[in-house]
Amino acid sequence: MARSRETFSKKEKEKQRAKKKQEKKEKREARNSDTDKSTGFEDMIAYVDEFGNITSTPPDPNKKKKEIDPDTIDIGIPKASESMEEDAGRKGKVTFFNDSKGYGFIKDEQTQESIFVHMSGCIDQIRENDKVTFLTEKTPKGISAIEVKLVQ
């Protein structure tokens, strides 16, 4: 007698395929038997009221609407004014200055921020703890003080 050509692993794979097929058939029948379709299109619609809240009731068309002039709406970013880039006559105190390297820092009296200053931007000779007036300019590395003058 000849031996069967089916091995144990072939039989197991065939059983798994039959099981998956049966499960798929059961799921299909369960979906088809679901006649209670309560989630219709009308149940899925949501409305947003004037305050941004989601509701299930439609808005009242008789309600008075607020008129908005479209010309008053600003679209985009406002351009920076010159006063933001250069402040006329800022005052501060030199917190650090290295004469040999030619740079230092000024602490602004109003904003308390530390602003870089280079010797080339100084009109008067400055030292540490001097009170100065200065203008600022935006550089690739940040804000720098220019036209630095001593306060008498």
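Me: Is Glu113 buried, partly exposed or exposed?
Reply: In this predicted model, Glu113 counts as partly exposed, at 31% relative accessibility. Buried means under 20% relative accessible area, exposed over 50%, and partly exposed in between, with a 1.4 Å probe and protein chains only.

Me: Which residue does Glu113 meet in a salt bridge?
Reply: The partner of Glu113 is Arg90, at 2.9 Å from N to O. A salt bridge here is a side-chain nitrogen of Lys or Arg within 4 Å of a carboxyl oxygen of Asp or Glu.

Me: Where do Glu113 and Arg90 lie?
Reply: Glu113 is in the loop between strand S4 (103-108) and strand S5 (114-118), whereas Arg90 belongs to strand S3 (residues 90-98), so the pair ties together parts that are 23 residues apart in sequence. Helices (H or I, at least four residues) and strands (E, at least two) are DSSP runs, numbered from the N terminus.

Me: And Arg90, buried or exposed?
Reply: Arg90 is buried, with a relative accessible area of 8%. Arg90 also belongs to a network of salt bridges that links it with Asp108 and Glu113.

Me: How many salt bridges are there by this rule?
Reply: The count comes to four salt bridges. Among them is the one between Glu12 and Lys15, whose closest N and O atoms are 3.8 Å apart. Another joins the side chains of Glu14 and Arg17, at 3.3 Å from N to O.

Me: Where are Glu12 and Lys15?
Reply: Both lie in helix H1 (residues 8-33), three residues apart, about one turn of the helix. Glu12 is partly exposed at 29% relative accessible area, and Lys15 is exposed at 54%.

Me: What about Glu14 and Arg17?
Reply: Glu14 and Arg17 are likewise in helix H1, three residues apart. Glu14 counts as partly exposed at 46%, and Arg17 as exposed at 53%.

Me: New topic: which residues form a nonpolar patch on the surface?
Reply: Ile68, Ile73 and Ile75 form it, with about 380 Å² of accessible area together. Patches are made of residues with over 30% relative accessible area and no salt bridge; like charges are joined within 9 Å, and nonpolar side chains (Val, Leu, Ile, Met, Phe, Trp, Tyr) within 5 Å. Accessible areas come from the Shrake-Rupley method with a 1.4 Å probe, and for residues only the protein chains shown count as cover.

Me: Where is Ile75?
Reply: Ile75 sits in the loop between strand S2 (54-55) and helix H3 (82-85), and it counts as exposed at 82% relative accessibility.

Me: What are the ground rules?
Reply: Local features need pLDDT of at least 70 and side-chain atom pairs count only at pLDDT 80 or more, while totals for chains, interfaces and linings use all residues. Residues are numbered from 1 along each chain as its sequence is written, and side-chain values use heavy atoms, with hydrogens and water left out.
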